[in-house]
Amino acid sequence: MTPSVLFVCLGNICRSPLAEAAFREEARRLMLDVIADSAGTGGWHVGDPPDPRAQAVARKNGVDISSLRGRQVKPADFRRFTHIVALDEDNLANLRRLAPADATADLSLLLDHVEGREGQPVADPYFGDDEGFDVTWADVTAGARGLAAALRRLRD
(Lines give C-alpha, C1' and ligand atoms only; values in the text may rest on other atoms or scores of the structure.)
Protein backbone atom coordinates (compact mmCIF):
# COMPACT_ATOMS: atom_id res chain seq x y z
CA MET A 1 0.00 0.00 0.00
CA THR A 2 1.33 3.43 -0.95
CA PRO A 3 1.77 5.64 2.13
CA SER A 4 -0.41 8.74 2.04
CA VAL A 5 0.12 11.71 4.32
CA LEU A 6 -2.15 14.65 5.10
CA PHE A 7 -0.49 17.60 6.85
CA VAL A 8 -2.87 19.69 8.96
CA CYS A 9 -2.68 23.13 10.53
CA LEU A 10 -5.41 25.64 11.35
CA GLY A 11 -6.04 27.51 8.09
CA ASN A 12 -4.00 25.55 5.51
CA ILE A 13 -2.20 28.60 4.13
CA CYS A 14 1.12 28.60 6.03
CA ARG A 15 2.46 25.60 7.92
CA SER A 16 0.65 22.66 6.34
CA PRO A 17 1.29 23.61 2.68
CA LEU A 18 4.95 24.17 3.59
CA ALA A 19 5.05 20.76 5.29
CA GLU A 20 3.41 19.15 2.26
CA ALA A 21 5.99 20.75 -0.04
CA ALA A 22 8.97 19.82 2.14
CA PHE A 23 7.69 16.24 2.42
CA ARG A 24 7.16 15.93 -1.33
CA GLU A 25 10.71 17.13 -1.93
CA GLU A 26 12.18 14.72 0.62
CA ALA A 27 10.14 11.80 -0.74
CA ARG A 28 11.36 12.65 -4.24
CA ARG A 29 14.95 12.77 -3.01
CA LEU A 30 14.55 9.35 -1.35
CA MET A 31 12.66 7.97 -4.38
CA LEU A 32 9.78 7.13 -2.05
CA ASP A 33 6.38 6.58 -3.65
CA VAL A 34 3.91 8.56 -1.51
CA ILE A 35 0.77 10.65 -1.74
CA ALA A 36 0.84 14.00 0.06
CA ASP A 37 -1.76 16.69 0.69
CA SER A 38 -2.55 19.36 3.25
CA ALA A 39 -5.66 20.73 4.92
CA GLY A 40 -6.82 22.92 7.77
CA THR A 41 -9.10 22.21 10.69
CA GLY A 42 -10.73 25.59 10.05
CA GLY A 43 -12.52 26.65 6.91
CA TRP A 44 -11.57 30.33 6.64
CA HIS A 45 -9.16 29.89 3.74
CA VAL A 46 -10.87 27.20 1.64
CA GLY A 47 -9.90 27.81 -1.99
CA ASP A 48 -7.21 30.37 -1.12
CA PRO A 49 -3.58 30.04 -2.23
CA PRO A 50 -0.87 29.82 0.43
CA ASP A 51 0.10 33.02 2.22
CA PRO A 52 2.48 35.07 0.01
CA ARG A 53 5.18 34.79 2.68
CA ALA A 54 4.84 30.97 2.66
CA GLN A 55 5.12 31.01 -1.12
CA ALA A 56 8.21 33.21 -0.88
CA VAL A 57 10.04 30.98 1.61
CA ALA A 58 9.19 27.87 -0.41
CA ARG A 59 10.37 29.55 -3.61
CA LYS A 60 13.57 30.65 -1.85
CA ASN A 61 14.13 26.95 -1.09
CA GLY A 62 13.46 25.83 -4.65
CA VAL A 63 9.81 24.78 -4.30
CA ASP A 64 6.73 26.29 -5.94
CA ILE A 65 3.56 26.03 -3.84
CA SER A 66 1.55 28.68 -5.70
CA SER A 67 -0.84 26.12 -7.19
CA LEU A 68 -1.91 24.72 -3.80
CA ARG A 69 -5.31 25.74 -2.46
CA GLY A 70 -6.66 25.70 1.06
CA ARG A 71 -9.14 23.04 2.03
CA GLN A 72 -10.72 21.81 5.25
CA VAL A 73 -10.26 18.35 6.75
CA LYS A 74 -13.11 15.98 5.88
CA PRO A 75 -14.25 12.79 7.64
CA ALA A 76 -13.20 10.75 4.58
CA ASP A 77 -9.60 11.94 5.07
CA PHE A 78 -9.34 9.72 8.15
CA ARG A 79 -9.83 6.67 5.90
CA ARG A 80 -8.18 7.97 2.73
CA PHE A 81 -4.78 8.76 4.29
CA THR A 82 -2.51 6.35 6.13
CA HIS A 83 -1.05 9.21 8.19
CA ILE A 84 -2.51 12.53 9.31
CA VAL A 85 0.17 14.79 10.71
CA ALA A 86 -0.74 17.86 12.76
CA LEU A 87 1.50 20.87 13.07
CA ASP A 88 0.62 21.57 16.71
CA GLU A 89 -1.16 20.04 19.69
CA ASP A 90 -4.35 22.12 19.28
CA ASN A 91 -4.85 20.84 15.75
CA LEU A 92 -4.00 17.30 16.85
CA ALA A 93 -6.69 17.55 19.56
CA ASN A 94 -9.16 18.88 16.96
CA LEU A 95 -8.31 15.99 14.64
CA ARG A 96 -8.94 13.50 17.43
CA ARG A 97 -12.38 15.08 17.98
CA LEU A 98 -13.16 15.11 14.24
CA ALA A 99 -12.06 11.53 13.59
CA PRO A 100 -14.98 9.24 12.74
CA ALA A 101 -15.34 5.91 14.54
CA ASP A 102 -14.01 4.04 11.49
CA ALA A 103 -10.86 6.18 11.13
CA THR A 104 -7.78 4.24 10.04
CA ALA A 105 -5.15 6.99 9.72
CA ASP A 106 -2.31 7.18 12.22
CA LEU A 107 -2.30 10.60 13.92
CA SER A 108 0.89 12.34 15.02
CA LEU A 109 2.61 15.70 15.39
CA LEU A 110 5.11 16.55 12.67
CA LEU A 111 7.96 17.12 15.09
CA ASP A 112 7.30 13.72 16.72
CA HIS A 113 9.30 12.49 13.74
CA VAL A 114 12.41 14.46 14.78
CA GLU A 115 14.56 12.98 17.52
CA GLY A 116 14.54 15.24 20.57
CA ARG A 117 11.62 17.36 19.30
CA GLU A 118 8.77 14.97 20.14
CA GLY A 119 5.65 16.78 21.32
CA GLN A 120 6.82 20.18 20.08
CA PRO A 121 4.70 22.36 17.80
CA VAL A 122 5.74 23.97 14.56
CA ALA A 123 5.29 27.66 15.43
CA ASP A 124 2.58 29.45 13.47
CA PRO A 125 4.31 32.26 11.53
CA TYR A 126 1.08 33.92 10.34
CA PHE A 127 1.08 36.88 12.75
CA GLY A 128 4.83 37.41 12.63
CA ASP A 129 7.37 38.68 10.15
CA ASP A 130 9.12 37.00 7.23
CA GLU A 131 11.79 35.50 9.50
CA GLY A 132 9.13 33.37 11.17
CA PHE A 133 8.51 31.66 7.84
CA ASP A 134 12.20 30.74 7.64
CA VAL A 135 11.94 29.11 11.08
CA THR A 136 8.78 27.29 9.99
CA TRP A 137 10.48 26.06 6.81
CA ALA A 138 13.39 24.69 8.86
CA ASP A 139 10.98 22.90 11.21
CA VAL A 140 8.77 21.40 8.50
CA THR A 141 11.86 20.30 6.57
CA ALA A 142 13.24 18.51 9.64
CA GLY A 143 9.86 16.86 10.26
CA ALA A 144 9.48 15.89 6.62
CA ARG A 145 12.92 14.28 6.61
CA GLY A 146 12.16 12.29 9.74
CA LEU A 147 8.76 11.15 8.52
CA ALA A 148 10.02 10.21 5.04
CA ALA A 149 12.91 8.25 6.57
CA ALA A 150 10.47 6.37 8.84
CA LEU A 151 8.22 5.52 5.90
CA ARG A 152 11.21 4.36 3.89
CA ARG A 153 12.26 2.05 6.74
CA LEU A 154 8.74 0.57 6.77
CA ARG A 155 8.96 0.01 3.02
CA ASP A 156 12.41 -1.59 3.15
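## Basis

This is a predicted model, in which local features need pLDDT of at least 70 and side-chain atom pairs pLDDT 80 or more, while totals for chains, interfaces and linings use all residues. Residues are numbered from 1 along each chain as its sequence is written, and side-chain values use heavy atoms, without hydrogens and water.

## Helix α5 with α2

Helix α2 (residues 52–60) packs on α5 at an angle of about 55°, with the axes 9 Å apart. Axes are lines fitted to C-alpha atoms, for helices over the stretch in contact, and angles run from 0 to 180 degrees between N-to-C directions. Helices (H or I, at least four residues) and strands (E, at least two) are DSSP runs, numbered from the N terminus.

R53, A54, V57, A58 and K60 of α2 touch D130, F133, D134 and W137 of α5, contact being heavy atoms within 4.5 Å. By class, the contact of α2 with α5 has five nonpolar, no polar and four charged residues. Ala, Val, Leu, Ile, Met, Phe, Trp, Tyr, Cys and Pro count as nonpolar, Asp, Glu, Lys and Arg as charged, and the others, Gly among them, as polar.

## Helix α5 with α1

Helix α1 (residues 15–29) packs on α5 (residues 130–155) at about 45°, with an axis separation of 8 Å.

The contact of α1 with α5 has eleven nonpolar, two polar and three charged residues.

## The sheet

Four strands form an open sheet in the order β2-β1-β3-β4, with parallel pairing (pairing requires at least two DSSP bridges). β2 (35–40) and β4 each have a single partner strand, so one side of each lacks a neighbour in the sheet. The twist averages 25° from one strand to the next.

β1 (residues 4–9) and β2 are joined by six bridges, and V5 has A36 in β2 as its bridge partner. Four bridges join β3 (residues 83–86) to β4 (residues 106–109); I84 is partnered with L107 in β4. α1 lies across β1 and β2, at about 175° to β2.
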